[in-house]
Every structure is written in C-alpha cells, then in structure tokens.
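User: I am new to this structure and would like to learn how to read its features one at a time. Could you take me through them, giving the general idea and then the case at hand?

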Amino acid sequence: MIEAVLTTLKPQNEPFIGLPKELKVKYKNEPTIYQRYVNQRVRYINEREQQRQRFIKWCSEEVIEKLTQIYPEVDRVQIVSETISGLNQVFLEHYESLTMYSLEINF
C-alpha cells in the first residue's frame with residue numbers, strides 16, 4: 001500500500017539545481033534570477049509539505065491499526081510516534097530522490 005501511494009506523489013515544482021550558497025554567489029549580481037530561484041524553492045518546499053501531509057494521512061491510520069494488532073503489548077503512543085516518524089522518513093527519501101536538489105537551508 002505504501003509503495004502504491006508513494007508512486008502517485010511526484011514533485012510538480014522542481015527547483016533550480018544547486019545549493020543555496022552557491023546560487024547566491026552565482027547570482028549575486030542578478031537579483032531577479034536569484035529571486036526566481038528563491039520563489040521556485042519556496043513553491044517546491046510548500047508542495048513537498050502538502051504531499052507529505054497527504055501521504056501521512058493516507059497511510060498512517062492503516063499502518064498503525066495493523067501494528068497495534070501485531071504488537072498488542074506495545075504502547076499505542078509508541079506505535080503512533082514510530083509509525084509517523086518512519087512514514088516521514090520513507091516519504092522524504094522517496095520524494096527527494098525524484099529531484100536533483102539539496103534542501104540544505106543556508107540563505
């Protein structure tokens with residue numbers, strides 16, 4: 001199920017390729033182009049966050065329910081927190097692997 005959902009999540013706004021520090025130096029004398037880079041980066045990050053929330057919403061309930069049945073002796077809070085953490089990691093690895101982009105924030 002998780003793989004099926006992941007395959008539907010693809011970035012629509014792929015940002016410029018490069019690290020923020022490098023692009024800031026590269027476009028130091030071209031503020032218009034650097035502003036386009038920043039705007040595109042913000043759109044990408046916002047889109048990624050919306051898709052991450054959608055992914056967590058779609059998958060978490062079913063995964064948590066199954067894990068609760070498999071491990072009835074484990075505290076439900078622990079199951080929920082570990083599931084959300086794991087799903088976040090799976091999503092970010094998948095989603096960011098689709099772009100040639102670093103999300104390092106160094107403005």
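**A buried ring and its surroundings**

Analyst: Phe91 counts as buried, because its relative accessibility is 0%, where buried means under 20% relative accessible area, exposed means over 50%, and partly exposed lies in between (1.4 Å probe, protein chains only). Please keep in mind that this is a predicted model, in which local features need pLDDT of at least 70 and side-chain atom pairs count only at pLDDT 80 or more, while totals for chains, interfaces and linings use all residues. Residues are numbered from 1 along each chain as its sequence is written, and side-chain values use heavy atoms, with hydrogens and water left out.

User: Which elements does the protein chain have, and in what order do they run from the N terminus on?

Analyst: Helices (H or I, at least four residues) and strands (E, at least two) are DSSP runs, numbered from the N terminus. The protein chain has four helices and zero strands, and its elements follow one another as α-α-α-α from the N terminus on. Of the 107 residues in the protein chain, 33% are buried. If a contact means heavy atoms within 4.5 Å, then 78% of the contacts between residues at least 6 apart in sequence join residues at least 24 apart.

User: How should I read the length of helix α4, and which of its residues are buried?

Analyst: The expected span of a helix is 1.5 Å times one less than its number of residues. Helix α4 (residues 76-97) has 22 residues and should therefore span 32 Å, which agrees with the 31 Å between its end C-alpha atoms. The buried residues in α4 are Ile79, Thr83, Leu87, Asn88, Phe91 and Tyr95. Seen down the axis of α4, these buried residues fall within an arc of 160 degrees, so they line one face of the helix; the arc is that of the directions from the helix axis to the C-beta atoms. On the other side of α4, Glu82, Glu93 and Ser97 are exposed.

User: How many aromatic pairs does the structure hold, and how is such a pair described?

Analyst: A pair of aromatic rings is described by the distance of the centres and the angle of the planes. Rings of Phe, Tyr and Trp (its six-membered ring) pair if their centres lie within 6.5 Å, and planes under 30 degrees apart count as stacked, over 60 as edge-to-face and the rest as tilted. The structure holds three aromatic pairs. One of them is the tilted pair of Tyr44 and Tyr95, at 6.0 Å centre to centre with 35 degrees between the planes. This pair links distant parts of the chain, since Tyr44 lies in helix α3 and Tyr95 in helix α4, 51 residues apart. Both Tyr44 and Tyr95 are buried. Another pair, Phe91 with Tyr95, is stacked, at 5.1 Å centre to centre and 25 degrees between the planes. Phe91 and Tyr95 lie four residues apart in helix α4, about one turn of the helix. Together, Tyr44, Phe55, Phe91 and Tyr95 form one aromatic cluster.

User: Where are the salt bridges, and are their residues buried or partly exposed?

Analyst: Side chains of opposite charge can pair when their charged atoms come close. A salt bridge is a side-chain nitrogen of Lys or Arg within 4 Å of a carboxyl oxygen of Asp or Glu, and by this rule there are two salt bridges. In one of them the side chains of Arg52 and Glu49 meet at 2.5 Å, N to O; Arg52 and Glu49 are three residues apart in helix α3, and so separated by about one helical turn. In the other, Glu62 joins Lys66, with the closest N and O atoms 3.4 Å apart, and Glu62 and Lys66 lie four residues apart in helix α3, again about one turn of the helix. Glu49 counts as partly exposed at 27% relative accessibility, as does Glu62 at 36%, and Lys66 is partly exposed with a relative accessible area of 47%.

User: How far apart in sequence and in space are Val63 and Ile84?

Analyst: Val63 and Ile84 are 21 residues apart in sequence and 9.5 Å apart in space, C-alpha to C-alpha. Val63 lies in helix α3 (residues 31-70) and is buried, because its relative accessible area is 18%.
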